[in-house]
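Opened the notebook for a quick pass over this one.

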Amino acid sequence: MAYVDSMLRKMVEVSASDLHLSSEVIPQFRLHGDICPVSDAAEINADELSSHLQEISPDKNWIEFQEKWDSDFGYEIPGCGRFRVNLFMDRKGPGAVFRHIPQDIPTADALRLPQTILDMCQLTKGLVLVTGPTGSGKSTTLAAMVDYINRNRSDHIITIEDPVEFVHQNRNCLINQREVHRHTSSFKTALRAALREDPDIVLVGEMRDLETVEIAIETAETGHLVFGTLHTTTAASTVDRIIDQFPADHQAQIRAMLAGSLKGVVAQTLCKKIGGGRVAAQEILVVNSAVSSLIREAKTYQIPSTMQVGAKAGMVLLNDALMKLVSNGMVEPLEAYKKAADKNDIALKLEQNGFKIQNPEAAEMAPPTKAPVPASSSPQPAASTPTPSAGGQSGGDYADPFEEFRRRKST
């Protein structure tokens, strides 16, 4: 069994979300949000790690890594799961991060998605965005929404991802999943092509650039339902981020287009649960006529106030979602404080509801207590002497492992 495979199996066994492999460092898991070393696992030197990573990398991606020092791809272990992989280079040598994508797609019921989000899955056209920082569960929420549609509608769904993460089987819907750099050259190219592929629903894994955002809005305007993601933390900032990507002389037009096409925003963050695991706190914006007018008139700063009085329409502010988790005994008050965008507001809400945080700023800076993750029973590579750098000092800058490769290529 490949070394990487053995570590990935252990990661799944202990329910960790990520595996971090770095040169001259003990392998690390991200478990319940914390980075934890794998006990009894040996440090891996740069040459060893390079060999392990090459063993599981597609040839195309290994060549890309040799040339650019970065590469992304999907990796699958039958019976274990799929993994989103990023290869990178740092001062000590090669490294990699593996994100576990569970084989079983979480259902809307399992994630306890509110009815407002399920209502968005019943839309026939418009733009729905799921946003949040990296690692906030955007892909999981979107996968559950697509699964809900797949069970309850009879439509054609096209997903454009980098890489394909959750694999959907055709139930009531026909689903085509395309991977950037494998099945298409870019998000924008695949999105343009999707308009000629008779879709009802299009999912864009990442709205990375201005042109992709513009095509997504146009696609939503032409009578399709478009799902997308952005790395924004609140619903209001999502609207601003989209508009601010465009030149000033184009923003009025984009505001008008967005006011008509945007139907909802789910901005989420993951919180550590009491007793282990993590749970999503979700801010939900439903774009009604009032919100649409605020977008068109460049008054997005008033969106939070509109959301406060929009509870009947299913709108939820992030701090209210965090307070609900605290009140239900699922999340510690300090964890809610850490995840809040408006610290003063959440502190006031906690105090009004009888929850007290002593010196929250100091508590927030305190490092978490981490316990090593038990080592896998799978064989570990033997510890070896770190490879000296070009300067002759062990553990310093790593000598270029692909210098010979490039030399041969140039000749």
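Predicted model: local features only at pLDDT ≥ 70, side-chain atom pairs only at ≥ 80, totals over all residues.

At what angle do helix H8 and helix H10 pack, and how far apart are their axes?

**Entry 1: H8 against H10**

I looked up H8 (residues 210-221) and H10 (residues 251-261), and the angle comes out at about 45°, with the axes 9 Å apart. The crossing of H8 over H10 is left-handed. On the H8 side I find Ile217, Glu218, Ala220 and Glu221 making the contact, and on the H10 side Ile254, Met257, Leu258 and Ser261. Sorted by class, the contact of H8 with H10 has five nonpolar, one polar and two charged residues.

**Entry 2: H9 against H10**

Next I checked the other helix on H10. H9 (residues 235-244) packs on H10 at an angle of about 135°, again with axes 9 Å apart. H9 and H10 are therefore oblique to each other. Which hand does the crossing of H9 and H10 have, left or right? I get right-handed. H9 brings Val239, Ile242, Ile243 and Asp244 to the contact, while H10 brings Gln251, Ile254, Arg255 and Leu258. My tally for the contact of H9 with H10 is five nonpolar, one polar and two charged residues. Going back over my lists, Ile254 and Leu258 of H10 turn up in the contact with H8 and also in the contact with H9.

**Entry 3: a residue in H8**

I stayed with H8 and picked Thr212, which is found in that helix. Is Thr212 buried or exposed? Its relative accessible area is 0%, and the cut-off for buried is under 20%, so Thr212 goes down as buried. Skipping its neighbours within four places in sequence, I have Thr212 in contact with Phe187, Lys188, Leu191, Val204, Glu206 and Met207.

**Entry 4: the sheet**

Then I turned to the strands. I traced an open sheet of six strands in the order S3-S2-S1-S6-S5-S4, and the pairing is antiparallel. Which strands sit at the edges? They are S3 (34-37) and S4 (70-77), each of which pairs on one side only. Ignoring direction, neighbouring strands of this sheet are turned by 25° against each other on average.

I zoomed in on one pair, S5 (residues 81-90) and S6 (residues 93-101). These run antiparallel, and I find nine bridges joining S5 to S6. I also noted Met89, which stands opposite Pro94 in S6.

Key. Residues numbered from 1 in each chain as written. Heavy atoms only, no water. Axes fitted to C-alpha atoms, helices over the stretch in contact; angles between N-to-C directions. Helix = DSSP H or I, 4+ residues; strand = E, 2+ residues; numbered from the N terminus. Left-handed = near helix turned anticlockwise from the far one by under 90°. Contact = heavy atoms within 4.5 Å. Nonpolar A, V, L, I, M, F, W, Y, C, P; charged D, E, K, R; others polar. Pairing = 2+ DSSP bridges. Parallel < 35°, antiparallel > 145°, perpendicular 65-115°, else oblique. Buried < 20%, exposed > 50% of the residue type's maximum accessible area, 1.4 Å probe, protein only.
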